[in-house]
Amino acid sequence: MSKQLAIADTEVLPEELAAPKLVLVVDDSRLQRKILTSTLSRWGYEVMEADSGEAAMAACAVRRPELVLSDWMMPGMSGIEFCKAFRELSGEDYSYFILLTSKSEKNDVAEGLDAGADDFLTKPVDGNELRARMMAGERILEMQSELTLQNRVITDTLAELQRVYDSLDNDLVEAKQLQQSLVRERHKNFEGGDLSLLLRSSGHVGGDLVGFYPAAAGHLGLFAIDVSGHGISSALMTARLAGYLSASALDQNVALEKLPDGTYQSRPPAEAIETLNEMVLEEMETEHYFTLMLADIDMETGKVVIGQAGHPHPVIQRKCGTLVQEGTGGFPVGLMSGVTFSQFEMHLNAGDRLIILSDGVTECPGADTEMLEEEGLETMLRNLHDVSGLAFFESLIWSLSEFAGASEFPDDVSGLLFEYRGSSQEK
């Protein structure tokens, strides 16, 4: 291979660079290094030299060049071996590598590309061609720098998004704990029966809420709410509604009326729902609406007065296992003003139980996408006839998971189970 290098001067020189690129010239010929160095310096580049691949690696360890011009054939470490070693240097900055060679066979070019070379110049080198290759290398480096910067921005953005997500996730975990605390007692014994409650959100927080409050002497009030949608806004609305049906601040409970002696008793459920409907429309600026079930249970007689506003029908499971579903359906709360609501009565005998569930149960899709619906619910309830208390809801969730083929459900699931023991006379 000829070691002679000839570079023709170009008449038009590139404009002086504001930030000169550092070029490493590697050649065992002092003359050829001098010719290349002189030319590149006149073009505005900062140049450093090395007379071998080993010396070049040592120089790169101190300061990494942005462009490299290396002869292919050198004693010791060849240009292609140096190229491989250079590419193995750590760091995210990319350098443009040009091999100087008289080789032109396709196999030789392929070998150079495999080693990591970006371009080739055939010796003797033409000055115009060298300048063009150097400028092309600079454009590649500029694009690489922009890409690196964009990747860094993306990485920083993803890291920030992760921090925001973690913060939101922590907030949602706390929100879930707060929402679950709205149902402080999941099981409570009363003189006339036992009450169990279920509240299971499809996400961190949900739009379902169940609860109870003391009514007149010997009476128990129950409510079940299902706010449209899911997530934070629905959960905030349930928290607001919990205040309207408070068990601790009875004077704020719209389902109760205060008597002259200072005690409270249940208002007619239909009337209470109408009041709540107007309050929501007047006081809450929201597109959410909700279904509601209000029930007043007379512990002595077993009479249950129920107001239903779009919530699924309540179910009474008789002591013998027979199931009774009744209801008026009704219009959801918070959609329009002036709506009237109706109420109806059911009756519990000793050993019977009242079950109120959200549509997250009856509308749960199965593995075949068909919903459970009321018929499927009745089958589950018959199978759970002998299961009581919180174990009933645990078994119901297990059965629902088996039906859905998944442990998580697309909608919130909530419910109340009141197991009536009967009046004092019946005991």
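Rings of Phe, Tyr and Trp (its six-membered ring) pair if their centres lie within 6.5 Å. The legends below describe a predicted model.

**View 1. Aromatic pairs in the predicted model.** The structure holds eight aromatic pairs. One of them joins Phe82 and Phe97. Their ring centres are 5.5 Å apart, with 50 degrees between the planes, and the pair is tilted. Phe82 sits in helix α3 (residues 79–87). Phe97 belongs to strand β4 (residues 96–101). The pair therefore ties together parts that are 15 residues apart in sequence. Both Phe82 and Phe97 are buried.

**View 2. The Phe418 and Tyr420 pair.** Here the ring centres of Phe418 and Tyr420 lie 6.4 Å apart. The planes of Phe418 and Tyr420 meet at 35 degrees, so this pair is tilted. Phe418 has 1% relative accessibility and counts as buried. Tyr420 has a relative accessible area of 2% and is buried. The cut-off for buried is under 20% relative accessible area.

**View 3. A cluster of phenylalanine rings.** Phe82, Phe86 and Phe97 are linked into a cluster by ring pairs. Phe82 and Phe97 are the tilted pair of View 1.

**View 4. A negative surface patch.** Six residues are shown: Glu363, Asp368, Glu370, Glu373, Glu374 and Glu375 form the patch. Glu375 is placed in helix α9 (residues 373–383). The relative accessible area of Glu375 is 67%, so Glu375 is exposed. Exposed means over 50%.

Conventions: Residues are numbered from 1 along each chain as its sequence is written. This is a predicted model: local features need pLDDT of at least 70, side-chain atom pairs count only at pLDDT 80 or more; totals for chains, interfaces and linings use all residues. Side-chain values use heavy atoms; hydrogens and water are left out. Patches are made of residues with over 30% relative accessible area and no salt bridge: like charges are joined within 9 Å, nonpolar side chains (Val, Leu, Ile, Met, Phe, Trp, Tyr) within 5 Å. Accessible areas come from the Shrake-Rupley method with a 1.4 Å probe; for residues, only the protein chains shown count as cover. A salt bridge is a side-chain nitrogen of Lys or Arg within 4 Å of a carboxyl oxygen of Asp or Glu. Lys and Arg count as positive and Asp and Glu as negative; His and the chain ends are not counted. The place of a charge is taken as NZ of Lys, CZ of Arg, CG of Asp or CD of Glu. Helices (H or I, at least four residues) and strands (E, at least two) are DSSP runs, numbered from the N terminus. Buried means under 20% relative accessible area, exposed over 50%, partly exposed in between (1.4 Å probe, protein chains only). Rings of Phe, Tyr and Trp (its six-membered ring) pair if their centres lie within 6.5 Å; planes under 30 degrees apart count as stacked, over 60 as edge-to-face and the rest as tilted.
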